[in-house]
Amino acid sequence: MPEDSRPAEIHISFHIRGFEDSPTVITNILGIKPTSVHARGERRGSKGGIYRENVWALDADSSQIEDVESGVRQLVKRLEIAKDKFVRLPQGSVLDLCCGISILDGPSGPPLTIDRHSTKFLGEIGASIDIDIYCLEND
């Protein structure tokens, strides 16, 4: 299926936020290189607002995501190597698995399945799951 005829776009990322230290501290604790980091007070792009808290983010490779489940599995596999290190995160750290789904064509989107292994792992490290669905019109 050509890239621009897909019925949905799926973006999946894992965020750690709410901590007072530099995002570099999170990288050092976990031993995982993030996709992006943002410091509280940093501007969100040229016209955006500002980040209200520090953020450490790891994104799934969107070229490898077939559905929500495959994207979540991809991230869990990358995070599992640091499973025992999550307890060392700074006080106030909030962990979220974020799934953004933009439905581009049709009345329905991709299946929203997350396997048992992934939900167990996310629960063990204290992560919440956030799913946002956007229904967009094709023009």
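This briefing covers the sheet, the helix packing and the surroundings of one cysteine. The model is predicted. Its 5 strands form an open sheet with mixed pairing, in the order 2-3-1-4-5. Helix 2 (residues 68-79) packs on that sheet, and the axes of helix 2 and helix 3 (residues 116-124) come within 10 Å. Cysteine 98 is found in strand 4 and counts as buried.

- Strand 1 (residues 8-17) pairs with strand 3 (residues 55-59) in the antiparallel sense, over 5 bridges. In this pairing, serine 13 stands opposite aspartate 59 of strand 3.
- Strand 1 also pairs with strand 4 in the antiparallel sense, here over 10 bridges. Histidine 11 stands opposite glycine 100 in strand 4.
- Strand 4 and strand 5 run parallel and are joined by 9 bridges.

**Helix packing**

- Helix 2 touches strand 1, strand 3 and strand 4 (94-103), and the direction of helix 2 makes about 30 degrees with that of strand 1.
- The axes of helix 2 and helix 3 cross at roughly 45 degrees, which makes helix 2 oblique to helix 3. The crossing is left-handed.
- On the helix 2 side, the contact is made by Val72, Arg73, Val76 and Leu79; on the helix 3 side, by His117, Ser118, Phe121 and Leu122.
- By residue type, the contact of helix 2 with helix 3 holds 5 nonpolar, 2 polar and 1 charged.

**Cysteine 98 and strand 4**

- Strand 4 is mostly covered, with 9 of its 10 residues buried.
- Cysteine 98, in strand 4, has a relative accessibility of 14%; it counts as buried because this is below the cut-off of 20%.
- The bridge partner of cysteine 98 in strand 5 is aspartate 130.
- With neighbours within four places in sequence left aside, cysteine 98 is in contact with His11, Ile12, Ser13, His15 and Asp130.
- Threonine 119 and cysteine 98 lie 21 residues apart in sequence, and their C-alpha atoms are 13 Å apart in space.

Note on methods: Residues are numbered from 1 along each chain as its sequence is written. This is a predicted model: local features need pLDDT of at least 70, side-chain atom pairs count only at pLDDT 80 or more; totals for chains, interfaces and linings use all residues. Side-chain values use heavy atoms; hydrogens and water are left out. Two strands pair if DSSP finds at least two bridges between them. Helices (H or I, at least four residues) and strands (E, at least two) are DSSP runs, numbered from the N terminus. Contact means heavy atoms within 4.5 Å. Axes are lines fitted to C-alpha atoms, for helices over the stretch in contact, and angles run from 0 to 180 degrees between N-to-C directions. Angles under 35 degrees count as roughly parallel, over 145 as roughly antiparallel, 65 to 115 as roughly perpendicular and the rest as oblique. A crossing is left-handed if the near helix is turned anticlockwise from the far one by less than a right angle, and right-handed if clockwise. Ala, Val, Leu, Ile, Met, Phe, Trp, Tyr, Cys and Pro count as nonpolar, Asp, Glu, Lys and Arg as charged, and the others, Gly among them, as polar. Buried means under 20% relative accessible area, exposed over 50%, partly exposed in between (1.4 Å probe, protein chains only).
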